[in-house]
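Work through the following exercises with the model open. Each task is followed by a solution in steps.

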Amino acid sequence: MKALKKLIIAFIVLIILSWLGLYLTVKIAFPPEKIKSLVHEHGSKALGREVFVGGASIGVFPTIKLALKDITIANAEGFSEDPLFNLKEVVLALDFMSLVQFSPVIKEIRIVEADILYEVNKKGETNLDGLGGEAKPDSTIEEKEETKSSGPITIPAALSLKSFVINNARVRYRDLKTGTVLTLGSINQQVSVDVDKNLENVKTKGELVVSSISVSDKASGVRKGNIKISLAHDIGVNLKEQLITIKGVKFGVQDILIELMGKVNQFMTPTPGLDLKLASNEIKMASLLKEVPAGLSPDIPKLRATGFAKLNAAVAGVLDTAGLPSVKASLSLHEMGFGHTDLPAGINSLNGLINITENSVEIKDFGFLLDKHPVKIAVMITDLLKIPVLQKLEIDSRLDLGPLMALAEKFTGLPEGFSLSGQIQSNISASGKLDPQNPMGIKASGTIKMKDVNLATAELPDKVQLNGLVKLNNDKIEETLNVKIGNSDVAVSAKITDYLAMALPELAGDKTTKVRVDVNSGMLDLDQLLPGGSAEEEVVEEEAEPLTAFPALPKIDVVLNINLAKTQLMGLAMTDYKQTTNIKNGIVTSELGGKLYTGGFSQSLTVNLQDTTDAKIGMKLNINSVEANDFISRINDRLPGTNKITKALVGSDNTIYGKFSMNMDVNTNGLPQSFTDNLTGRITVAIHDGKLVGVKMVEGLNGVITEIQKKVKVGKPLNLGTFTFNKLDAVLEAKDGELIVKHCSINKSPAGLLDLTGSVGFDTKLNLSLENHMSPTLSKPILSGQQAAQGAVKKATGKLGAIASTAAGSMAIVPSDNNGRAIAYYAMTGTVTDPSFSVDYKRMGSEASGNAKESAEAALKEAARKKMEEAKAKLNAEKKKAMTAINNKKAEAQAKLDAEKKKLDAEKKKLEAKKKEAEAKAKAEADKKKDQASSKAKKKGKKALKNLKF
């Protein structure tokens, strides 16, 4: 007994000495400074960053415990001075006896106040780049052939982690470019794991809580904090049975909680089995709204949200390629509402139920009130895994736009001056297969009614008032719309048939969408509708790239009819405007016309766009006695192309006045940039009682006339003043990129009669010759001055006679016509907007020096002409007298001839009457004899039959 006692004591002493030896060995071999040095050396080398340890300790019995304190990992170069990683303490504790028993128990892993900083610089680089050095290429990694185990999955010993704890950790994301900082703070975790040797009862349980999530954004000034997220789990795993049992996985954000429970079996096979259920608590809308950062808008605190939503879902079955497991999910909405404290109404009583299965979606009992007006929606879709079938779509609503727009203004903001009110009532239903190959399988119908809809914008001087009705079904959409804006009213009627052919042309077959639109208006006040300008600002237009092709017209037939009883523009009235436009097979045709005061206009236009790279356009335009300025103002934004001549015409609306008439029959082809160059055809223009204002041509004309006046020493040159005229008459031909002026005459102007010939290029360059027969007001002083100069020459030469006359004639530079009007010739070059004039003195001098000779010859010719006319008159009188006598004889002879003819006709009629009388008498005698013979034959026949006793 004493020996046993001594043996036990010796064994205990041996254990104590062994533990003391181990303890002393560890303490001597791993003093704190050495541990710190090892961590610093190997950690820095492994991470490629400086690693610092403030303190270290190690324990052996009864728990092997390693503790490190104040660990810091330096940040990368080029980033902030804050460390990449900062840790107050990390503790690893193992049960010593569990190691002796070959059943390790990790009593604790504890991380205290870890702080991780993740940064991104302006170049998009992160402070984690290069951490741990460069990765080894894949080729250095030896691939080992996977060995398949033939027995059950086991591990050498059971393993248990009693506690994995994170205390008060923090993770920060910082964008150095935008200044945005996202912080996950107050991170706490408690996890335990138990693993048995046979892996038949693996259990893990724990909870992770992030108590504070905050966002700071310097750009928008938004800051939000104290968002809480939690994740708790209680899971068991049996690897032998391939079974995961989820007793509970709970995910929470603030007071929203979603829980997952159930089982997953055969999870290591391609066809795992699922039996899972997911459910949420009642998610309160008020709580969600509370989490929206107030910094986004000052109206956020004024918003209200009520009611709650609840989610339930379940999945059961095998997950394989043959099909989906059974899925059931529902989202229920209860008495939800949204509003704003500054608004009298909002969305209230929002209720509904959304049911989802693996093969269907249903929305039922869904509706809400908008300012006491109900909106109801019902949807049912089945056969999601095949060709979905829309069993039901029903929308029944009555929306009051006023409260809806007020709510939108508070949420998103609307343009200044924008408002919308009125009611829209809709009733729509649809059903059928949702087959993209057969869109006509859907049967839809419904109506949308607009009642007293008022729209206002800052650009419009008055509200737009709308009333209308839209009817739709599979085949057509019909719309009637009445619009009133101030003094203007427009009624629009539209009908679209086979509209799906345009939406899905590849499935349309031979169907074509047909559109008919009728627009009628009693009054259209464009002066009121178009925005009034303040000071005009010069707009510099960027030169667009030349068009390479027109967009192809869709497969659509369009008929557009417009009837405007009266329109008002710039104080000018147009009446009875009518337009009919048709689009079919890539060809657009348009007929239009209207009246402007006592005048009118009509146009016929054809545009063939079948070849989108070469449009073919034909236009006939007839204008009859309209106000020139009014008409040009109306069409200047409709002129095609961007050619210089087009731009010049656009700017002429305030320069030309008078009664304007024009007849145009032209054709062109190509693309817009070449329309004017390819223009061909004839144009005639006439302007009566006209006036030109601010035209440089008048200034240039005045300049050359003044130059001539100075040449002949007119005392005071006359100014043309306001350039009025009685009539402008022109014949033009478009050809080879220019307008050929075949004839252009302006009469009764301050300058007299003007005749122009030549050409005007579509680049606005002028090449014109101008003949000017000056007015008496201009001609008299010019010709008088010239005669005075000639008289002075004759007087100075005395009795030289012929020599004086020759000298005086050579001084003449201005010719005159038979009416005593001075004639001048000019060359007109430059451009339409900046013309240049020069006087043709050579031609004028040549004609002027021959005036005397021409006058004498003209007098002789006049005398000869008068004698010829006298002789001709005498001869005509004798001829007339002779012809009268001849005609009288012819009349007498004709009268006798007519009398004889009349007598012969009477005799002829008598003979014909006697002939007819004789013929009638002979015919009567023959008929009588024939009747007598027939009667005798009948009697003989009867007698013969009687003898035969029939």
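## Exercises on charged and aromatic side chains

Arg110 and Glu89 are both buried, where buried means under 20% relative accessible area, exposed over 50% and partly exposed in between (1.4 Å probe, protein chains only). The model is predicted: local features need pLDDT of at least 70, side-chain atom pairs count only at pLDDT 80 or more, and totals for chains, interfaces and linings use all residues. Residues are numbered from 1 along each chain as its sequence is written, and side-chain values use heavy atoms, with hydrogens and water left out.

**Exercise 1.** Determine what joins Arg110 to Glu89, and which strands the two residues lie in.

*Step 1.* Apply the criterion for a salt bridge: a side-chain nitrogen of Lys or Arg within 4 Å of a carboxyl oxygen of Asp or Glu.

*Step 2.* The closest N and O atoms of Arg110 and Glu89 are 3.6 Å apart, and the two residues form a salt bridge.

*Step 3.* Arg110 belongs to strand 4 (residues 105-120) and Glu89 to strand 3 (residues 85-95), so the pair ties together parts that are 21 residues apart in sequence. Strands (E, at least two residues) and helices (H or I, at least four) are DSSP runs, numbered from the N terminus.

**Exercise 2.** Locate the partners of the salt bridge between Glu200 and Lys240, and state how accessible each one is.

*Step 1.* Between Glu200 and Lys240 the closest N and O atoms are 3.3 Å apart.

*Step 2.* Glu200 is in the loop between strand 6 (181-195) and strand 7 (202-217), while Lys240 is in the loop between strand 9 (229-238) and strand 10 (243-253); the pair links distant parts of the chain, 40 residues apart.

*Step 3.* Glu200 has a relative accessible area of 31% and is partly exposed. Lys240, at 55%, is exposed.

**Exercise 3.** Examine Asp557: is its side chain buried or exposed, and which side chain of opposite charge is nearest?

*Step 1.* Asp557 is located in strand 26 (residues 556-569).

*Step 2.* Asp557 is buried but has no salt bridge; Lys514 is the nearest side chain of opposite charge, 4.5 Å away. For charge, Lys and Arg count as positive and Asp and Glu as negative, with His and the chain ends not counted.

*Step 3.* List the contacts (heavy atoms within 4.5 Å). Beyond its neighbours within four places in sequence, Asp557 touches Thr512, Thr513, Lys514, Val515, Ile583, Lys584 and Asn585.

**Exercise 4.** How many aromatic pairs does the structure hold? Classify the pair Phe550 and Phe675 and the pair Tyr577 and Phe601.

*Step 1.* The count of aromatic pairs is three. Rings of Phe, Tyr and Trp (its six-membered ring) pair if their centres lie within 6.5 Å; planes under 30 degrees apart count as stacked, over 60 as edge-to-face and the rest as tilted.

*Step 2.* The ring centres of Phe550 and Phe675 are 6.4 Å apart and the planes are at 15 degrees, so the pair is stacked. Phe550 and Phe675 are both buried.

*Step 3.* The rings of Tyr577 and Phe601 are 6.5 Å apart, centre to centre, with 40 degrees between the planes, and this pair is tilted. Tyr577 lies in strand 27 (residues 572-584) and Phe601 in strand 29 (residues 599-608), so parts 24 residues apart in sequence are tied together.

*Step 4.* Tyr577 is buried at 11% relative accessibility, and Phe601 is buried at 13%. Their C-alpha atoms are separated by 9.4 Å.

**Exercise 5.** Which rings do the charged ends of Lys691 and Lys711 sit over?

*Step 1.* The criterion is NZ of Lys or CZ of Arg within 6 Å of the ring centre and within 35 degrees of the ring normal.

*Step 2.* The charged end of Lys691 sits over the ring of Tyr657, 5.5 Å from its centre.

*Step 3.* For Lys711 the ring is that of Tyr841, with the charged end 5.1 Å from the ring centre.
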